[in-house]
Amino acid sequence: MRCLQPMKILPSTTELSTTPIARRHSPPAGKFPTYRACLRWEFGFSCAFCLLHEADFVAGGIDGTGLTSVEHQIPRSHAPQLEDEYDNCIYACRFCNGARGDTPNVDVAGRTLLDPCTSAWASHFKREGFSLAPLGDDAEYTARTYDLDDPRKVEFRRARTGAITSGLRMLREGPERVVKLLDAAVNAREQDRDVLVATAHDLRGFILTAAKTLARYRIVPLDAPVSCRCGAAFVREAPRFMVAQCLDLEDR
Amino acid sequence: MNTSSYELPSWLLSGPPLDELTAALRDVYEFFAASGADVSDFIARVIRTAHPELAGLQPDLDDAFAIDAETEINECYRKLRALAASPDGAEYSDTLSRLRALQEDEARRLSSVFRSNVDLDLLAFETTLARADALLATHEDPPKHD
């Protein structure tokens with residue numbers, strides 16, 4: 001029973017990276033909004049701070065929604081000369097961006113905001129259910145600044161886990177039953193045939209819904225940029241730690 | 001029908017006039033609606049590509065991300081930043097409580113919208129699966145037709 005194109009989808013829960021996210025794009029200097037295509041690929045279409053993926057926010061493409069943006073590690077208000085520095089630009093969701101505002105990189109107590117390109121998230125945070133628990137002072141400052149456990153973000157994480165877990169189960173257990181039910185219907189008495197076919201039809205409905213839901217969570221979204229300012233050097237790959245966690249949905 | 005694999009034509013980026021786009025989309029919708037196919041995601045994607053300013057037309061965005069609530073949430077964040085020097089004060093604590101209450105409301109709304117868009121009812125699936133297994137058990141040795 002064919003219901004899916006082969007694709008890589010997100011894991012039900014994104015595990016934290018054990019290494020900093022290595023930058024692979026190096027666009028020529030320009031205005032920071034023009035880096036968006038590079039940044040989407042660079043950070044795997046995910047907010048570098050809370051790790052929510054574009055698909056967690058919306059199905060069918062993020063562009064035009066305003067739900068993600070270019071965040072400046074050192075705020076523009078603090079260092080206007082770094083506004084268009086690519087290495088100062090990070091892909092972030094609107095929620096993390098809004099929570100931070102112009103909070104300084106270092107607070108009065110000397111705590112420093114963590115940079116996902118120089119700090120491995122797994123060294124500073126621990127997953128606790130759908131939350132990210134900070135493990136030190138800098139992580140605490142980072143978690144509070146970006147409000148990493150904003151209840152909305154927790155809800156997005158929970159929703160993905162539920163959808164992917166349920167969808168995979170439906171795809172794993174449904175198709176074989178559909179085939180068996182239809183086989184049985186062929187050999188059944190006429191009066192039994194309708195109920196067998198109707199049950200197969202019901203199961204097929206679940207399978208199709210599951211396939212559609214899982215397709216929403218593909219790691220490379222449908223509106224992924226097909227070019228960026230890097231030109232021929234365009235790296236069309238999500239960060240390795242994300243790709244390593246992705247699930248392969250085979251043609252089935 | 002899988003509309004997700006459809007590449008959108010580049011002329012959409014030039015923002016074609018809305019009346020032309022509407023007429024074209026109406027034709028697409030009527031053509032595929034007759035076959036029972038769901039093309040709403042496809043149409044939403046076309047609209048967002050051609051006219052990003054109309055993104056709010058997509059129902060789950062419209063319902064889920066309430067602008068008023070977000071404005072109030074951002075106001076709380078601004079206040080908390082201003083009070084960051086005295087996080088033990090009553091005003092900080094009140095603002096944080098207000099922020100959490102707003103976010104919880106939004107989280108509930110998002111959850112409800114998500115559930116209405118992603119209809120994966122595991123319980124109903126398990127019930128149907130159990131019905132299938134019971135039926136299959138009674139048809140292990142199906143009587144053959146003449």
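In this predicted model, helices H6(A) and H7(A) pack against each other, with axes that come within 8 Å and cross at roughly 155 degrees. Angles over 145 degrees count as roughly antiparallel. H6(A) and H7(A) are therefore roughly antiparallel to each other. The crossing of H6(A) past H7(A) is left-handed. Sorted by class, this contact holds 19 nonpolar, four polar and three charged residues.

Now look along H6(A) itself. The helix has 37 residues, and at 1.5 Å a residue it should span 54 Å. Its end C-alpha atoms lie 53 Å apart, which agrees. The helix does bend, however. At A:Gly174 the bend is about 30 degrees, and a proline, A:Pro175, follows within four residues.

Step back to the whole of chain A. Its secondary structure amounts to eight helices and six strands. Read from the N terminus, the elements go β-α-α-β-β-α-α-β-β-α-α-α-α-β. Along the principal axes, the C-alpha trace of chain A spans about 80 × 40 × 30 Å.

Next comes the partner chain. Contact between the chains involves 40 residues of chain A and 37 residues of chain B. On the chain A side, three helices each supply at least two residues: H3 (94-100), H6 (151-187) and H7 (190-216). Which of the helices gives the most to this side of chain A? H6(A) does, with 15 residues. The side of chain A that touches chain B divides into 18 nonpolar, 13 polar and nine charged residues.

Follow H6(A) to chain B. There it meets helix H6 of chain B, residues 122-138. The two axes come within 10 Å and cross at roughly 25 degrees. Angles under 35 degrees count as roughly parallel. H6(A) and H6(B) are therefore roughly parallel to each other. H6(A) passes H6(B) in a left-handed crossing. From H6(A), the contact uses A:Ser166, A:Met170, A:Glu173, A:Arg177, A:Lys180, A:Leu181 and A:Ala184. From H6(B), it uses B:Leu122, B:Phe125, B:Leu129, B:Ala132, B:Leu135 and B:Leu136. By class, that contact has nine nonpolar, one polar and three charged residues. The spacing of such contact positions can be read against helix geometry. An α-helix has 3.6 residues a turn, so residues three or four places apart point the same way.

H7(A) also reaches H6(B). Their axes are 10 Å apart, and the packing angle is about 150 degrees. That makes H7(A) roughly antiparallel to H6(B). This crossing, too, is left-handed. On the H7(A) side stand A:Val195, A:Leu196, A:Thr199, A:Asp202, A:Leu203 and A:Phe206. They meet B:Phe125, B:Thr128, B:Arg131, B:Ala132 and B:Leu135 in H6(B). By class, the contact has seven nonpolar, two polar and two charged residues.

H6(B) is in contact with both H6(A) and H7(A). B:Phe125, B:Ala132 and B:Leu135 take part in both of these contacts. H6(B) runs roughly parallel to H6(A) and roughly antiparallel to H7(A). H6(A) and H7(A), in turn, are roughly antiparallel to each other.

Key:
Residues are numbered from 1 along each chain as its sequence is written. Chains are lettered from A and ligands numbered from 1 in the order in which they are written. This is a predicted model: local features need pLDDT of at least 70, side-chain atom pairs count only at pLDDT 80 or more; totals for chains, interfaces and linings use all residues. Two residues are in contact if their C-beta atoms, placed from the backbone, lie within 7 Å. Ala, Val, Leu, Ile, Met, Phe, Trp, Tyr, Cys and Pro count as nonpolar, Asp, Glu, Lys and Arg as charged, and the others, Gly among them, as polar. Axes are lines fitted to C-alpha atoms, for helices over the stretch in contact, and angles run from 0 to 180 degrees between N-to-C directions. Angles under 35 degrees count as roughly parallel, over 145 as roughly antiparallel, 65 to 115 as roughly perpendicular and the rest as oblique. A crossing is left-handed if the near helix is turned anticlockwise from the far one by less than a right angle, and right-handed if clockwise. The expected span of a helix is 1.5 Å times one less than its number of residues. The bend at a residue is the angle between axes fitted to the seven residues ending there and the seven starting there.
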